[in-house]
Every structure is written in structure tokens, then in C-alpha cells.
Amino acid sequence: MPANFIQRLKQLWFTLASNVWFAYATIILLQTKVMWNIWRFKDLTNGDTSAYFVDAFHWNNVGLTRFSYTPIYTAYYGTLLKFFPDAVTVTWIHRVIIVFVLAILVLMLMRRLLPPGYAWLIAAWWVILPINFDSLYEVHLFAAIPALVACIIASKKPSVWTRGVALGIFALGAVLIRNELTIATGLWLLICFIAEVKLIRSGARKSIKTYIAAYILPLALGAVVVTFFYIHSNEQGSVLQKGFEVKHTLNVCQIYAFSYYQRYTDWRLSPWTQCQDLMKRDFGTEQPSMTEAIRINPPAMLSYFMWNVRLIPYGLQVLLFNGTAGNLNPDYVSVNMGFAHALWGSVLFV
């Protein structure tokens, strides 16, 4: 193929990809293609989705949700029930909406960071990977939205205002969507502090009012949203505290048991419904917190942490290629293992 033809083709592609309408329309069409017929094959899953459907049904009927279990997601799910009262229909529709929102946000972020042609290709890679649209539970897909929105805002034009708004979104997501975003919130707060110190030292100091407006106002608006969901929650005060404790200790119980199930063969009960048996054996209590488990049996928890560290490269391969070249499963559900494409893709990536 002549070099000048390839150059013209590349130039044509970058011209097309630079057009906003072309870029977003084609990404939406591609996402539609890869998810087509979801209404025929996607049913209610057990576990989290079914539990959240019950919460969504409760929100739709009486306007209350559980504050400790992603209330914004529950409100979103429950609100759609007003328009699609069938359980299966509303479940696949609410997944499709989340997936399309994520596809648009990924493309938007990539266009902020890269030339349009490359941005579209990366967004397309995201769109076609089943790991991104066919995850077991929709709530995990939903949890990516605030992080992407915060990154998009932060990358728009670095300033005290964009940093403050991004901080507010991270904090809101940490409280109302996924508690794991607390780590991202803390890291972003550190980045904000370093950025402001550097600007002050360079002589670009802002007024106190500007700092208050830029940082406190987004956090205050987030607090208003948190207050709204707290008021509309059937968990308040000591009941809410107990709800958070049960959620945390059950999570520790299940993830430790699943990890143990992967590594050893002397315990073969269900990690999801019978994990208390293993925790009682290894820690003397059925549902310890993470800190209690570390204090009671440090070697067992160290082994658990090291196992998860070992799974990181396998998880990255699944994230990038929807499969791993190795023989260890980094997910809670079955994934493609011994996947040759993941091996060659990893080599090219490196």
C-alpha cells in the first residue's frame, strides 16, 4: 500500500474524528451494535441486582431508600420503575442508559487528553469490551460515573474552580455511591493542596473568598444532596451506623472467603452465603471488620493481601483485553483464561 495513500487515509480519519458530531454519533452507534439484543438475553441476576431492585421498588412506592447502599443509584433505578414497571425491562434499560452515559464520558475524557483520532480509538476499545458493559452488577458500572465526571471537569482547564468542583464530586460519590471513592477523594485533596501551594509560591495567590467559594461551595452543595437522601432514608442515627457496620463486615467476610476458596481446597462452602463459617474458624468471630481481622490473625490477612497483589497483572489484562493469559481468575465471576490475545496485547502494550 503506497505510503502517500496511508497518509491521506490517516489525515481523513483525523479530520472525521475531530468533528464532534461524527465522534459521538459513531461511538453511540458502535455501543448500540455491541449491545444489540440485550433485551432478549439479559435477565435479572441474583445477588446485588436483585437486592437493589427491592430497594428501587421501595423508593418508587414510598420514596425511601437505604442510605448505606448507594442511595443515588437506588433512586435512579426506582425512578425508572415509574416508566417501566416490568422488572426485567427496567433492569436492562437502566443498564443500557448507564453504559451509554459511560461511553460518552469516556470519549469526552479521552478528547480532553489526546488528539481526537486516538481518543476515539480508545473510547471504541472501551465500548467493545464486554467487561465494561456486561459486568455482573449494574451498580458497579454506575460507580464509574462520578469518577469520570470529576476527571473531565478537572481536565477542562486546571484552576481553583475546576479542582474544587472535582473535589466536591469525588466526595459526593464517596458518600452516596461507593465508599472506595474515599481514597480517590483523599488523593485528589492532596493534589489540590500541592497545586495551591505551588501557585501561592509562584505569586498567583487567590483571595480567601475565592478559595472558600471554589472549595467549600461544591462541598456544601454535595452536603445538601447527602442531607436529602439521609432524610429520605429508612436508616438514620444508630440504625444507619449499624447498617454501615453490617455492610462492611459482610463484605470482609465474603471477599476473604472467596479468596480463600480460590487458594485452598480444605473449605468448600459458599463464600457468599456461608462465609461466616470460615471467619469463625480463622478469626473466632463470624463477621469481623477489616481492622479486627488484621489484629486477630495478621498472617491470614497478610496472605489475603498478597494474593490480591499477585492478581493485579491478571486484573489489568482483563480490564484491557477482556481476558487473561494466565491461569488465575482476578474476578468474582468466570473470565477468559489462557487467552492468547491478552498475552500478545500485553506485550504490545508494554
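## From a surface helix to a buried threonine

Leu319 is partly exposed, with a relative accessible area of 47%, a value that falls between the limits used here (buried means under 20% relative accessible area and exposed over 50%, with a 1.4 Å probe and protein chains only). This is a predicted model, in which local features need pLDDT of at least 70 and side-chain atom pairs count only at pLDDT 80 or more, while totals for chains, interfaces and linings use all residues. Residues are numbered from 1 along each chain as its sequence is written, and side-chain values use heavy atoms, with hydrogens and water left out.

Leu319 belongs to helix H17, which covers residues 298-321 (helices are DSSP runs of H or I with at least four residues, numbered from the N terminus). Together with Leu302, Met306, Val309, Ile312 and Leu316, Leu319 forms a nonpolar patch on the surface, and the accessible area of these residues together is about 570 Å². Such a patch is made of residues with over 30% relative accessible area and no salt bridge, the nonpolar side chains (Val, Leu, Ile, Met, Phe, Trp, Tyr) being joined within 5 Å, and the areas come from the Shrake-Rupley method with a 1.4 Å probe, with only the protein chains shown counting as cover for residues.

Thr74 sits in helix H5, which runs over residues 71-81, and Thr74 is buried, its relative accessible area being 0%. A polar atom of the Thr74 side chain lies 3.4 Å from the backbone oxygen of Tyr69. When residues up to four places away in sequence are not counted, Thr74 touches Tyr52, Asp55, Ala56, Trp59, Thr65 and Tyr69, where contact means heavy atoms within 4.5 Å.

Thr70 is placed in the loop between helix H4 (48-62) and H5, and Thr70 is likewise buried, with a relative accessible area of 1%. The side chains of Thr70 and Tyr52 make a polar contact at 3.1 Å (a pair of N or O atoms within 3.5 Å, of which, within protein, one must be able to donate a hydrogen and the other to accept it, residues adjacent in sequence counting only if both atoms are side-chain atoms). Leaving aside neighbours within four places in sequence, Thr70 is in contact with Tyr52, Val139, Leu176 and Ile177.

Tyr52, a residue that Thr74 touches, is also a member of one aromatic cluster, which it forms with Phe53, Phe57, Tyr69, Tyr73, Tyr76, Tyr77 and Phe142. The count of aromatic pairs comes to 26, under a rule by which rings of Phe, Tyr and Trp (its six-membered ring) pair if their centres lie within 6.5 Å, with planes under 30 degrees apart counted as stacked, over 60 as edge-to-face and the rest as tilted. For Phe67 and Phe244, the ring centres are 6.4 Å apart and the planes stand at 90 degrees, so the pair is edge-to-face. This pair links distant parts of the chain, 177 residues apart, with Phe67 in the loop between H4 and H5 and Phe244 in helix H14 (residues 237-263). Phe67 is buried, at a relative accessible area of 6%, whereas Phe244 is partly exposed, at 29%.

Charged side chains make a further set of links, and the count of salt bridges comes to six (a side-chain nitrogen of Lys or Arg within 4 Å of a carboxyl oxygen of Asp or Glu). Arg66 and Asp55 form a salt bridge whose closest N and O atoms are 2.8 Å apart. The pair links distant parts of the chain, with Arg66 in the loop between H4 and H5 and Asp55 in helix H4, 11 residues apart.

Asp266 counts as partly exposed at 48% relative accessibility, and Arg281 counts as partly exposed at 44%. Salt bridges that share partners join Asp266, Arg281 and Asp282 into one network. Another salt bridge is formed by Glu180 with Arg178, the closest N and O atoms being 3.3 Å apart, and Glu180 is partly exposed, with a relative accessible area of 49%.

Methods: Helix = DSSP H or I, 4+ residues; strand = E, 2+ residues; numbered from the N terminus. Patch = residues over 30% accessible without salt bridge, like charges linked within 9 Å, V, L, I, M, F, W, Y side chains within 5 Å.
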